[in-house]
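Dear colleague,

Please find below the structure that I am handing over to you. My notes on it follow directly after.

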Amino acid sequence: TSGDIIFGTAEKGINLGVTSNTDSNTLDDYEEGTWTASITDGTDAATMQGSYQTGNYVKIGRLVTVTGRLGVTAVTNVDDVQIQGLPFTVEDTTGAWSICPMRGWNLDITAGQNWVGQIAPNETNILICAWDDAAGAPNPVTGAELSSDGSLIFGASYVAAS
């Protein structure tokens, strides 16, 4: 009558919307936590502001939602800027692409552009792109468009590999 529901063994879950057990309708994973992000091009990293380097996540089944506010204190030769360190690898299918909106402060953004993040299959990073309304296409952001006191806030959802 009170307390949590705990299964006696692992690999159990709650079946939703069905009258018999099917894997596709079994909620068998839930997790909340934090993740540490870095801004890099895969080789060179920006120096992160410590209080703005940790994001949060919620994983329900294979759906992962991440949020974060990232601050940069120094920029190096970063080419195509990525946020690395997603807590789970993205599913490896062509339909796994995801786009996340971003809001930035103290960034060198060209007028008419908005920053978005592209999350590609089989990756643990978000490629930061400037969406050019005139061209109707995203272009990867470079370190020159960051500043030593810039920050980003974002949220995204994606399907995890497992």
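How many residues lie between β6 and β7 in the hairpin that they form, and which residue in the turn has a positive phi? The hairpin has 2 residues between its strands, and G61 in the turn shows a positive phi of about 65 degrees.

**Basis of the model**

The model is predicted, so local features need a pLDDT of at least 70 and side-chain atom pairs count only at pLDDT 80 or more, while totals for chains, interfaces and linings use all residues. Residues are numbered from 1 along each chain as its sequence is written, and side-chain values use heavy atoms, with hydrogens and water left out.

The average pLDDT of the chain (the predictor's confidence in each residue, from 0 to 100) is 83, and 94% of the residues score at least 70. Strands here are DSSP runs of E with at least two residues, numbered from the N terminus. Where pLDDT is low, the predicted coordinates should not be read in detail.

**Strand pairing around β7**

Two strands are taken as paired if DSSP finds at least two bridges between them. Strand β7 (residues 63-74) pairs with strand β5 (residues 47-48) in the antiparallel sense over 2 bridges, and T47 stands opposite A74 in β7. β6 and β7 also run antiparallel, joined by 5 bridges; here N56 stands opposite T67 in β7. A further 9 bridges join β7 to strand β13 (residues 151-159), again in the antiparallel sense, with G71 opposite S151 in β13.

**Aromatic pairs**

A search of the whole structure finds 2 aromatic pairs. The criterion is that rings of Phe, Tyr and Trp (its six-membered ring) have centres within 6.5 Å; planes under 30 degrees apart count as stacked, over 60 as edge-to-face and the rest as tilted.

W35 and F154 form an edge-to-face pair, with 6.3 Å centre to centre and 70 degrees between the planes. W35 lies in strand β3 (residues 30-36) and F154 in strand β13, so the pair ties together parts that are 119 residues apart in sequence. W35 is buried (under 20% relative accessible area; exposed is over 50% and partly exposed in between, with a 1.4 Å probe and protein chains only), at 4%. F154 is buried as well, at 5%.

Y57 and F88 also form an edge-to-face pair, at 5.5 Å centre to centre and 80 degrees between the planes. This pair links distant parts of the chain: Y57 is in strand β6 and F88 in the loop between β8 (82-84) and β9 (98-105), 31 residues apart. Y57 counts as buried at 9% relative accessibility, and F88 is buried with a relative accessible area of 18%.

**K59 and charges over rings**

Which ring face does K59 lie over? K59 lies over the face of F88, at 5.0 Å from the ring centre. A charge is counted as sitting over a ring if NZ of Lys or CZ of Arg is within 6 Å of the ring centre and within 35 degrees of the ring normal. R69 lies over the face of Y52, at 4.4 Å from the ring centre.

K59 belongs to strand β6 and counts as buried, at 3% relative accessibility. The side chain of K59 reaches the backbone oxygen of G61 at 3.4 Å and the backbone oxygen of S162 at 3.2 Å. Leaving aside neighbours within four places in sequence, K59 is in contact (heavy atoms within 4.5 Å) with D29, Y30, E31, V64, F88, A160 and S162.

**The loop between β10 and β11**

T124 lies in the loop between β10 (113-119) and β11 (125-132) and counts as partly exposed, at 33% relative accessibility. Not counting residues up to four places away in sequence, T124 touches I83, Q84, G85, L86, F88 and T89. The C-alpha atoms of T124 and T94 are separated by 15 Å, the two residues being 30 apart along the chain.

N122 is placed in the loop between β10 and β11 too. Although N122 is not a glycine, it has a positive phi of about 60 degrees. N122 counts as partly exposed, at 45% relative accessibility.

Yours sincerely

Note on methods. Helix = DSSP H or I, 4+ residues; strand = E, 2+ residues; numbered from the N terminus. Polar contact = N/O pair within 3.5 Å; in protein donor to acceptor, adjacent residues only side chain to side chain.
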